[in-house]
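Please open the structure in your viewer and keep the selection tool at hand.

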Amino acid sequence: MKSFIAGLPKAELHLHIEGTFEPELMFKLAERNGITLPYESVEALHKAYDFNQLQDFLDIYYQGMNVLQTEQDFYDLTWAYLEKVNAENVRHVEIFFDPQGHVDRGVAFETALNGIHSALQAGQDKFGITFGIIMCFLRHLDEDDAFKTLESALAHKDKIIGVGLDSSEMGHPPSKFQGVFAKAREEGFHIVAHAGEEGPAEYIYEALDLLKVERIDHGNTSMRDPALLKRLSDEQMPLTVCPLSNTKLCVVDDMKNHPLPNMLAAGLKVTINSDDPAYFGGYLNANYEAISDLINNDKENLAQLAKNSFDAAFISVAEKQRLNADVDSYLAKNS
Ligand code: HPA
Ligand SMILES: [Zn+2]
């Protein structure tokens, strides 16, 4: 099944570029920028990746980000990710970045954006991987700060396709950001939000009704609310599910108890994603491999998840059809 997954054409729709920062590259860039990391070695840093909840991870994630200083750093980070996913037959990526995580420590919005964007453009030219950039608001900060961030983005609509919401979920419901998301919609950005990773099903309703999202990032706690499940299924609202993230952050206690099969049985449009692969133990194919047993190692089921990733992407209908046809012909040749 590993080789079937490896060759399957697929898209990644839930990926924080700062979460692809591998310890080896972090040490290299720290040295280049004259920064001393609070860890002795790559191994010591790896050992710190032991999380009981989302906040444990976020503390380390924001610390790692401090190393990113120059446009070249953001380029190198993004390029390393593209080389990985190119080897995994990923055909399209929509990646998050956290501008406030950089601007608040004196790194300009444009430094981060231009570095990420030019690497993605180079990846499209060299590997044919198409892309979109989604900027996320940090929900532990206030809505004014998010408004300022949106203001910065308006000059870069050619590079940013959407707006999302991430960071510490509990106590920071989507309703806190209703105004800034209304403005982002007016400005024509696509809208997504993390909801129901740790937070209650109520936060998923808020993301749908108040932010008017086009996809839900995670959405695990919808499983506790049959009426919400029915609605998500009726609307075919895509969920960007992240299996290795879920076990690493203890959202799910064990992969064998992952809700993916129940989500599919409920008729949800589920996609598989890696979230923060440098921290959670695997890139996109490893996430497909992690859930393959749960869907009976059935090639059609795996192919359906890949097709869902194209259906849920912010690309044209013609592109979706072309990419889905690639999945169908791959399945036909490899059944
Ligand atoms: O998994 C996540 N959840 C919330 N915020 C995040 N920021 C990076 N990764 C995550
Ligand atoms: Zn995420």
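**Stops on the tour**

Begin by selecting D276, which UniProt lists, in an unreviewed entry, as "binding site". The model on display is predicted. D276 sits in the loop that runs between β8 (269-272) and α14 (277-280). D276 counts as buried because 27 C-beta neighbours lie inside 10 Å, where 20 or more are required. Beyond its neighbours within four places in sequence, D276 is in contact with H16, G19, Y61 and S245.

Next, select H14, H16, H194 and D275 together; the UniProt annotation "binding site", again from an unreviewed entry, covers these residues. Although they span 262 residues in sequence, no two of their C-alpha atoms are more than 11.7 Å apart, so they gather at one spot.

H14 is buried, with 28 C-beta neighbours inside 10 Å. Setting aside residues up to four places away in sequence, H14 touches D217, T240, C242, N273 and D275.

Move on to H194, which belongs to strand β5 (residues 190-195). H194 is buried too, with 27 other C-beta atoms within 10 Å. Its contacts, apart from neighbours within four places in sequence, are L165, D166, E169, D217 and H218.

Finally, select helix α11 (residues 226-234), where L228, L229 and L232 are buried. These residues cover an arc of only 100° around the axis, which puts them on the same side of α11. The buried residues of α11 pack against α10 (201-211). On the face turned away from the buried side, find the exposed residues P226, A227, K230 and D234. Just after α11, stop at Q236, which takes a positive phi of about 50°.

How values were computed: Residues are numbered from 1 along each chain as its sequence is written. Chains are lettered from A and ligands numbered from 1 in the order in which they are written. This is a predicted model: local features need pLDDT of at least 70, side-chain atom pairs count only at pLDDT 80 or more; totals for chains, interfaces and linings use all residues. A residue is buried if 20 or more other C-beta atoms lie within 10 Å of its own, exposed if 12 or fewer, and partly exposed in between; C-beta atoms are placed from the backbone. Helices (H or I, at least four residues) and strands (E, at least two) are DSSP runs, numbered from the N terminus. The arc is that of the directions from the helix axis to the C-beta atoms. Two residues are in contact if their C-beta atoms, placed from the backbone, lie within 7 Å. UniProt positions are given in the numbering used here, feature names are shortened, and annotations may be inferred rather than shown by experiment.
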